[in-house]
Amino acid sequence: MSPLQLSTTAVLCVSGIALHIWSSAPDRAGRQYSLQLPVILLYSLAAALFLFSAFPDSMTEGRALGFGIGGAAGFAAFFLLVSFTWLSKTRRLDEVAAELKKATRENTALRRQLSQQRPAEDTARPVLQCTRYELPLQGDRRHRIGMITGNVANVLGTDVWVNSENTRMEMSRVDEPTLSATIRYHGGRRDDAGHLVHDTIALELAERMAGRSHVTAGSVLVTGPGELQESHQVRRILHVAAVEGEPGSGYRQVIDLERCVRNVLAEVDRLAAAGEPLRSVVLPLLGTGGGNSDLGKTVDALLAATVSYFRSHPASRIRVVYLLAYTDVQAAVCRAALDSEPGLLSESAG
């Protein structure tokens with residue numbers, strides 16, 4: 001067998017294997033069996049070339065469509081005839097796979113719609129258990145997006161906590177039921193009775209303001225984690241201006257949430273490039289605490305912005321971004337959004 005024949009056989013085999021693996025991917029459900037046709041052609045040509053090059057005296061004869069066929073052509077024709085006969089029976093399998101894929105998408109969309117249409121009088125309940133759920137990006141197993149449920153005070157082992165702050169960068173009082181207050185309290189130094197004796201993070205954030213009364217929407221200021229480094233293994237707190245205040249009207253969500261997300265993730269990557277081992281980020285549902293926002297649209301915006309950032313920054317050092325779902329309603333909306341996001345590999349497919 002000559003080197004040229006051997007090389008050609010190897011190329012055909014490798015091409016067939018590669019095409020076989022590619023056509024078997026979950027996102028090609030509904031076409032997988034029909035895509036096996038070129039695979040079989042490559043395999044049959046490789047087998048015929050190898051057999052009749054290594055054993056030139058081999059004989060295969062037959063008739064097809066009124067023509068006599070012999071030698072390698074006869075072997076390849078026989079192989080193809082049997083293969084096409086088998087593949088002709090698989091069309092129904094493709095149809096079933098396509099119907100199942102469509103039904104799964106419709107079911108996910110329905111679950112998402114129902115979770116967003118939950119009656120307003122049905123009070124959301126805090127999730128008591130801290131659990132994690134994450135999915136890899138399609139075609140990019142390096143980066144993952146998911147959610148963490150429950151109170152952020154119970155979240156351990158994530159490198160960066162994002163604080164949804166107002167454009168004045170004024171943290172909530174420690175006795176208020178907000179994320180800002182939780183970070184302020186647990187990040188400060190406390191006495192034996194649990195009283196805050198040194199307002200570590202709030203003081204550092206005030207220093208970062210450098211005398212300014214406010215920042216533009218989407219701006220990000222970085223502080224240390226204070227006592228959270230020891231208690232929760234947090235390395236950095238990123239404060240993003242995600243709400244704007246108005247006298248007499250309270251706070252409202254900023255318009256460009258995507259910018260908030262991009263700025264946060266870009267700042268994490270900047271710190272990581274400078275040598276800080278920042279790989280995981282907890283991202284709250286920016287601007288939803290006051291109730292002056294649409295929860296479903298907020299989750300969609302945050303998720304889309306995170307996927308877009310990873311797509312445009314494939315070398316990002318961040319490994320996983322978690323949306324923080326404090327209540328059962330938030331958890332349901334986040335889970336439905338994650339499961340229906342086309343940029344993520346579904347749990348069943350993974």
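This is a predicted model: local features need pLDDT of at least 70, side-chain atom pairs count only at pLDDT 80 or more; totals for chains, interfaces and linings use all residues.
**Entry 1: helix H8**

I started with H8, which covers residues 257–273, 17 residues in all. From first C-alpha to last I get 24 Å, close to the 24 Å expected at 1.5 Å a residue. What caps the N-terminal end of H8? I found Asp 256 there, with a side-chain oxygen 3.4 Å from the backbone nitrogen of Glu 258. Past the other end, H8 is followed by Gly 275, and the phi of Gly 275 is positive, near 115 degrees.

Then I listed who is buried in H8. The list holds Leu 257, Cys 260, Val 261, Val 264, Leu 265, Glu 267, Val 268, Asp 269, Leu 271 and Ala 272. I noted that Glu 267 and Asp 269 are among those buried residues. A reminder to myself: an α-helix has 3.6 residues a turn, so residues three or four places apart point the same way.

**Entry 2: helix H6**

Next I looked at H6, residues 200–209. Thr 200, Ile 201, Ala 202, Glu 204, Leu 205 and Met 209 are buried here. What do those buried residues pack against? I wrote down helix H5 (179–187), helix H7 (228–232) and the strands S6 (189–190), S7 (196–198), S8 (220–223) and S9 (236–246). Ala 210 follows H6 with a positive phi, near 50 degrees.

**Entry 3: Ser 219**

I moved along to Ser 219, which sits in the loop between H6 and S8. Buried or exposed? Its relative accessible area is 17%, so I call Ser 219 buried, the cut-off for buried being under 20%. The Ser 219 side chain reaches the backbone oxygen of Thr 216 at 2.8 Å. Leaving out residues up to four places away in sequence, I count Met 169, His 239, Val 240, Ala 241 and Asn 263 as the ones Ser 219 touches.

**Entry 4: strand S9 and its partners**

Strand S5 (residues 160–166) runs parallel to S9, joined by seven bridges. In that pairing, Ser 164 has Val 240 as its bridge partner in S9. S8 and S9 run antiparallel with four bridges, and there Leu 221 is partnered by His 239 in S9.

S10 (residues 250–253) also joins S9, antiparallel, through four bridges. Which residue of S10 is the bridge partner of Glu 246? I found Gly 250. The hairpin of S9 and S10 has three residues between the strands, and Gly 248 takes a positive phi there, near 80 degrees.

**Entry 5: strand S4**

Why do I call S4 largely enclosed by the rest of the structure? Seven of the ten residues of S4 (residues 140–149) are buried. S3 (residues 132–137) pairs with S4 in the antiparallel sense over six bridges. S4 is also joined to S12 (residues 320–325) by six bridges, and these two run parallel.

Ile 148 shows up in both pairings. In S4, Ile 148 is the bridge partner of Arg 132; in S12, Leu 324 is the bridge partner of Ile 148. Two residues lie between the strands in the S3 and S4 hairpin, where Gly 139 has a positive phi near 70 degrees.

**Entry 6: salt bridges**

How many salt bridges does a search of the whole structure find? Nine. I wrote up three of them.

- Arg 125 and Asp 328: the closest N and O atoms are 3.2 Å apart. This pair links distant parts of the chain, with Arg 125 in the loop between helix H4 (91–116) and S3, and Asp 328 in helix H10 (residues 328–340), 203 residues apart. Arg 125 is partly exposed at 48% relative accessibility, whereas Asp 328 is buried at 18%.
- Arg 173 and Glu 176: the closest N and O atoms are 3.0 Å apart. Arg 173 is exposed, with a relative accessible area of 58%, and Glu 176 is partly exposed at 27%.
- Asp 199 and Arg 184: the closest N and O atoms are 2.5 Å apart. Asp 199 is buried, at 16% relative accessible area.

Notes:
Residues are numbered from 1 along each chain as its sequence is written. Side-chain values use heavy atoms; hydrogens and water are left out. The expected span of a helix is 1.5 Å times one less than its number of residues. Buried means under 20% relative accessible area, exposed over 50%, partly exposed in between (1.4 Å probe, protein chains only). A polar contact is a pair of N or O atoms within 3.5 Å; within protein, one must be able to donate a hydrogen and the other to accept it, and residues adjacent in sequence count only if both atoms are side-chain atoms. Contact means heavy atoms within 4.5 Å. Two strands pair if DSSP finds at least two bridges between them. A salt bridge is a side-chain nitrogen of Lys or Arg within 4 Å of a carboxyl oxygen of Asp or Glu.
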